Amino acid sequence: MSNISVNKLERGMIIDSDIFSKRGSLLLYKGFKIENPDLVSIVLRRNGINSVTIKDDESQISSVVKESDRISQKIQQEVAAFKEEFNKIVEDLEEDIENFAQTKDISKIRELDRGSELAKESESSVLTIFQLVEKIKNDGSDKYFDILQVSLISYSIGKWIDLNDAQLKELSESSMLSSIFALSDVDYENIHEIKGADTVSKAVLQSAIASRERNDGSGPMGLTNEQIPLYARIIAIAEIFYALTTNNEFYERMSVFDALKIMQTEYMTLLDAKILYIFLHKVANKYIGSSVKLSDGTSGVIVFVPENEVVLPFIKTGDGQIINLQSSQYKNNKIIEIL
């Protein structure tokens, strides 16, 4: 392990620790193998980083490879355990929702807090909650799966904006209840018919009702900006992103980066801009190191996500070419699949 100037980087060197920008965005991940030293050097210098720690001998490289294999096995085990628990919750949730549809009694929903419990249990996993949800989405979707997945995405956003444990629990409950209300045709006009409202906090109930509100006042109650409860503003982002990236009756799922672009261009005035900004950057940066396929058939790996345009990352192809999706040369190319 050694510390080296960014001007002296060489092909084949391996980054020894995660490198972040001043704004907290991940630039290079630990274990990243440098293939294009000039590009890496430019990116680091632009972010005020003059030196990095690297692993640069064969024994250390071998150690990185072995560690990578161990992590891959752990990820497989964690995903399997997560899916098993997820399916158990969904099975019980289906029964709870059927009971609620007949009784309109919130106290009959036993699984309301199970989303936050599952998320908390998974916090020590190699993958984030958000990444685990992505793994589940590949298995298909139904209305009960959707409820829990949106709740978990909401929880993940809550973590990103530093909500405490009590707030994260309420946020997860709000999201679950919001989806259940939608399935059961409960809205602000007939909320008085709901029983067992005292079994959840006022913030949870208000947020569940207000999650379809939009900052410009176009929601059913006409609430704007700060009038919309915080949890509801978070849930709105989670629901829209989930809908865009999941097959449904209206359209086929789109790629994550297409979804982020739509949210960036079409939803900035409708959603909480501050939370949406954090969401866009966090989601985009978690795909650094991921293999992707482009619309022209080219495959490569995401090596850098620019802070000024998170939906257009840099892609390194198998032959070492760097594709900058922001450049005019590649303006008609886009990511269509994350492999």
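A salt bridge is a side-chain nitrogen of Lys or Arg within 4 Å of a carboxyl oxygen of Asp or Glu. This structure holds 13 of them. The model is predicted: local features need pLDDT of at least 70, side-chain atom pairs count only at pLDDT 80 or more, and totals for chains, interfaces and linings use all residues. Residues are numbered from 1 along each chain as its sequence is written, and side-chain values use heavy atoms, leaving out hydrogens and water.

**Salt bridges**
- Lys88 pairs with Glu84, their closest N and O atoms being 3.9 Å apart.
- Both residues sit in helix α2 (residues 58-103), four residues apart, about one turn of the helix. Helices here are DSSP runs (H or I, at least four residues), and strands are too (E, at least two), numbered from the N terminus.
- Arg233 meets Glu226 at 3.5 Å, N to O.
- Arg233 is buried, at 11% relative accessible area, while Glu226 is exposed, at 63%. Buried means under 20%, exposed over 50%, and partly exposed in between (1.4 Å probe, protein chains only).
- Lys334 bridges to Asp258, with the closest N and O atoms 3.2 Å apart.
- That pair links distant parts of the chain, 76 residues apart: Lys334 is in the loop between β9 (322-324) and β10 (335-338), and Asp258 is in helix α9 (residues 256-266).

**Nonpolar cores**
- A nonpolar core is a set of buried Ala, Val, Leu, Ile, Met, Phe, Trp, Tyr and Cys residues joined through side-chain atoms within 4.5 Å.
- The largest has 81 residues; Phe181, Leu260, Met263 and Phe279 touch the most other members.
- Apart from it lies another core of 20 residues, including Leu28 and Val303.
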